[in-house]
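Open the model in your viewer and keep the selection panel at hand. This tour goes from stop to stop, saying what to select and what to look for.

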Amino acid sequence: MGYDLDMKVWRGDASGGELVDFTVEVEEGEVVLDALHRIQATQAGDLAVRWNCKAGKCGSCSTEINGKPRLACMTRLSTFEEGETVTVTPLRAFPVVRDLVTDVSYNYKVAEKVPPFAPEPRPADGAYRMQQVDVERGQEFRKCIECFLCQTVCHVIRDHEENKPSFAGPRFFLRYAELEMHPLDTNDRRELAREQAGIGLCNITKCCTEVCPEGIKITDNAIIPMKERVADRSYDPVTWLGRKIFRRDQLPDAQVPRTPGD
Amino acid sequence: MTEIERHSFDVLVVGAGGAGLRAAIAAHDAGARVGIVCKSLLGKAHTVMAEGGIAAAMGNVWQEDNWKVHFRDTMRGGKMLNHWRMAQLHAQEAPDRVRELEEWGALFDRTPDGLISQRDFGGHRYARLAHVGDRTGLELIRTLQQRAVALGIDVFMECTVTELVKDGDTATSTDKRVSAGGRIAGAFGYWRESGRFVLFEAPSVVLATGGIGKSYKVTSNSWEYTGDGHALALQSGASLVNMEFVQFHPTGMVWPPSVKGILVTESVRGDGGVLRNSEGRRFMFDYIPEFFKAETADSEDEADRWYEDKTNNRRPPELLPRDEVARAINAEVKAGRGSPHGGVFLDIASRRTPEYIRRRLPSMYHQFKELADVDITAEPMEVGPTCHYVMGGVAVDPDTGESAVPGLYAAGEVAGGMHGANRLGGNSLSDLLVFGRRTGLNAAYAAARLATRPSIDDDVVRAASERALAPFGIEGGENPYGVQQDLQEVMHNLVGIIRREDEMRQALDDLTKFKERIGRLSVEGHRQYNPGWHLAIDLHNMLLVSECIARAALERTESRGGHTRDDFPATDDAWGRLNLHCRLDGDDVAVTREPLPEMPDELRELFG
Amino acid sequence: MAAPTGTQSPTRARITARSLRTDRWWVYPSFTALVLLAFVVYATYRAFVGEHYFIEPYLTPLYSPCVTTECVEGSAHLGTWVGDWWPLSPAVLILIIPLSLRLTCYYYRKAYYRSFWMSPPACAVAEPHRRYTGETRFPLILQNIHRYALYLALAYNVLLTYDAVMSFKSPEGEWGHMGLGSLILVVNAVLLGLYSLSCHSCRHIIGGRLRSFSKHPVRYRAWGMVSVLNGRHAQLAWASLVWVAFTDFYIWMVASGTWSDPRFF
């Protein structure tokens, strides 16, 4: 039950490029990545596209399909109207390398700046104890497959290249939130989230949540709780006063010990 | 020749899946300067596809569990063909390797006491798999990735190694691609992004390149799985062991065609799912082999009781080792009792509540919903065997992971011996951790012990670049995508789950023709991020590995684990004492028989 | 002119279109803008008009509590302690509280940043601004004290509940009666209460800020309940907004004698 699909695929590199028309035969049940592979195998052997698992688990095949950031392997052709032209472009927030491949190194640089997990010492018998309810919040964030769709859709950097050095992006707010909520972590990263990760630049317009292929509630469960934690630390006049009085702000941030249960 | 980009390390790790990252971390901890090279972006390696869990006898759920039970399960699952020492080290060290992950930030599911929870899996006596829902592999790779980043280890992403270079290599071996020199001196590769070449100088190289699944038509593996490490090792003079054993995972998706082969985790069965044929029968009861009869339930009632009470009941036959289940499914489909799209039914919907299924198997739920429009909480899945894992790999010293080539190490799927004739589910993630760490440490120690660093001849580098660029010099040659498709077809049809002598001879004839065809591949475009070119280079590896599988499979005239011969259906004790090793002899693959390493008596007693 | 930024930056794929989206992405921002504008116009008119806001036993939420000397007789349940210095309608004084909650609300921020400020108008649609500093500067940095708006709003909700209870009197002041207006005021109090409780700051304060849930089982359960409400925060925001306007409109109509309030008992 094959049929012909009309596609426009952006081809080019940093020096320029254009949407190129392809007509490709596709089958029922196929996804956009299948169509791209068929173009590769039969019409344009050098069409550059990243992919790995083809099952929505690795987050490699991030592209923009009809203008929306999506995984090509999880976008079924049946979601388009009959006769609709499917337009595929590279991610528009990152420098293009070639065709559908972009340079996502920005994300890896940000990752290096997140202070790593710093656990309590292990108990005498060597086995940490954590309750399921305490790990579940972090587990949601660790579902992240690093497809960087949330990063590419985020207007803070998508529309403002100059914000990149001072903004970590939704994927890394997830990471901050995960560590802040980790039952064993001993660091306080709230000031870093404000100062270095630029969480204040986020205006919670929720596009990251809209595009997340893992359905992680990035805004509600990670970014807003982080903003609230930052408010606790830096903007809440009452806690600010408390810190002044108890001279807790004399300590460097990473060493501020947590009060139990806080 | 223009100056080539060079980097120098004590230890170079090729591959950034679980094994590669764990090796790099260990080598770093041992004081070495470490570089990691990987074909994809960091964190995309095939390890993310591992769903079920990490097998480790921690005894958190069943206190009766210990390394000896795990060792015994592993050896029996591997049909006693495993290297006993690897299986022993693996069972002994896995629990510590899992606990270590927690220290690096992993968040496993918990028991009510707050310990790491463990789940049931095929072939394991006790619930033993530390897990995070059904995305354990992702958790493992992210944890290791974040650890490696925290340690500041250099990662070369989207960079492919095409050749290993040894001390004393000369350019005369150009056309053979076989290296003749002494110790490993480094690796040559190209940046996928720019197509430019790069040379890594390192006295220790750890191969952690994963498997070979892309040689098969229906596979759960991604494009990266082209047997690069296997081929690199062969070309450097190392041998591959157990290459005839290829694991077909019993449950891959079969419909729609575009997702054929994508994995359906064994946890579905571990958590209560059962296999049924088109007549609704739980057919696995008809396929319980003698070897496992004593420990497998023979009635549905007993099998169902087992989930609650493991002491007084035997395991359901759905949780037999993967080779048994894959063969059974294959037989049902051949007998005309398959599902509409050529698989069988995997049903958990009628056995567990929708809430339970969504909580325990979130990514399976998601995968079927999104890709096949199937709600697994309401209807059965259609599944069939898919090429998943190669038990065979580089023959290494069990304790150090070093191959026959000094300075060349292998860990993870690319290493052979650990899993014998068949791998148990969950044992691959623990394998990555245990042997990743061991090879990393030993590679670092060896590099530190060296008085002089090996050197690389410029001519060798030039020859390597010429070989890599060859496809650009040929006009109107073969399309690499077409050749790959044909190769997959041959391996799938002729050296698949069930094998026969005449078919394998046919396959070997075909493979000879492929050797010619890959000599005249041509690619369009230029060197910058050109997948056609990348495939043209990878095809050499795929072909070489395919030949090893076919030759070893032809040689072993019995059926055992991941190797089933239609013409020799029985297991033969004489073969149970032999491993097959593949080596490169000129252009050809030579297969030799070697006796299995002798297991010490105190371990032998465990099988009394 | 400065160098192009955003999707037109020189390193990005050269695609001139602001967006290649083919769906009707402009529907959400336009609709949001329309409804919010309509509410603002209506509420402003009603707040400044200073009449038809009270008729026994109903006081419209826009004027509750009425605390200046200007308040019509019987409407000042809490007394007129503010006195006569306040030059504007008593509604304006009190509306600051719900307004500050809604202005700093995490949901409304999304709504108005998208629909009024077009920052961005929709996902993957380029915004028209050259510079962007988010909520890092004055005045938007004040969004961070959303929690204080919540505290005030919770107190305000108590008063609205009080108004709803008072509506169970007859126009003559006897207890145990009920009219359609009572029902409307109860629904109003409930919706506003749920909207406040479902707020992200509330979720944080009640339990979200904890690192360990298992050590605080009661707060964990409370967090779980607020989390369920929080999932409906946007819907509650709209429902409560529309209902407030409707409640006010109903009382306006009754107070001006246009409609009569059906009495149940």
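Into which domains is chain A divided? Select residues 3-102 for domain 1 and residues 105-255 for domain 2. Keep in mind along the way that this is a predicted model.

**Stop 1: the two domains of chain A**

Colour the two domains of chain A separately. Their C-alpha centres lie 32 Å apart. Where they meet, 13 residues of domain 1 of chain A are in contact with 13 residues of domain 2 of chain A. On the domain 1 side, select strand E4 of chain A, residues 68-71: this strand provides three residues, the largest share of that side. Colouring the domain 1 side by class gives seven nonpolar, three polar and three charged residues.

**Stop 2: where chain B meets chain A**

Now bring chain B into view. Here 46 residues of chain B are in contact with 48 residues of chain A. To find the chain B side, select helix H3 (84-103), helix H4 (136-151), helix H11 (362-372) and helix H16 of chain B, each of which supplies at least two residues. Which of the elements of chain B gives the most to this side? That is H4(B), with six residues. By class, the chain B side is made up of 19 nonpolar, 14 polar and 13 charged residues.

Stay here and zoom in on B:Glu103, which sits in helix H3 of chain B. Setting aside neighbours within four places in sequence, the contacts of B:Glu103 are A:Pro119 and A:Arg122. Is B:Glu103 buried, partly exposed or exposed? B:Glu103 counts as partly exposed because it has 16 C-beta neighbours inside 10 Å, while a buried residue would need 20 or more and an exposed one 12 or fewer.

**Stop 3: the nonpolar core**

Next, show the side chains of A:Phe173, B:Val11, B:Val205, B:Val206 and B:Leu207. These are the residues with the most contacts inside the largest nonpolar core, which has 319 residues. Helix H16 of chain B, residues 531-555, gives the most to this core, with 15 residues. In soluble globular proteins, nonpolar side chains tend to be buried together.

Centre on B:Val205 and display its surroundings. Beyond its neighbours within four places in sequence, B:Val205 is in contact with B:Leu12, B:Val14, B:Leu164, B:Ile184, B:Ala187, B:Gly407, B:Leu408 and B:Tyr409.

**Stop 4: a sheet in chain B and the helix on it**

Switch to a cartoon of chain B and look for an open sheet of four strands, in the order E17-E12-E21-E22, with antiparallel pairing. Its edges are strand E17 (393-394) and strand E22 (588-595) of chain B, each pairing on one side only. Select residues 578-585 for strand E21 of chain B, which pairs with E22(B) in the antiparallel sense over eight bridges. One bridge to pick out joins B:Asp585 to B:Asp588, its partner in E22(B).

**Stop 5**

For the domain assignment of chain B, select 248-388 as domain 1 and 469-595 as domain 2. The C-alpha centres of these two domains lie 30 Å apart. Six residues of domain 1 of chain B are in contact with five residues of domain 2 of chain B. On the domain 1 side, helix H9 of chain B (residues 322-334) contributes four residues, the largest share. That side has three nonpolar, one polar and two charged residues.

**Stop 6: chain C**

Finally, select chain C. Of the two pairs of chains in contact, chains A and C share the most contacts. Chain C does not touch chain B, and the nearest C-alpha atoms of these two chains are 10 Å apart.

With chain C on its own, look for eight helices and two strands. Followed from the N terminus, its elements run α-β-β-α-α-α-α-α-α-α. The C-alpha trace of chain C spans about 75 × 50 × 40 Å along its principal axes. Of its 265 residues, 38% count as buried.

Methods. Residues numbered from 1 in each chain as written. Chains lettered and ligands numbered in written order. Predicted model: local features only at pLDDT ≥ 70, side-chain atom pairs only at ≥ 80, totals over all residues. Contact = placed C-beta atoms within 7 Å. Core = buried A, V, L, I, M, F, W, Y, C linked by C-beta atoms within 7 Å. Domains from an automatic or database assignment. Nonpolar A, V, L, I, M, F, W, Y, C, P; charged D, E, K, R; others polar. Pairing = 2+ DSSP bridges.
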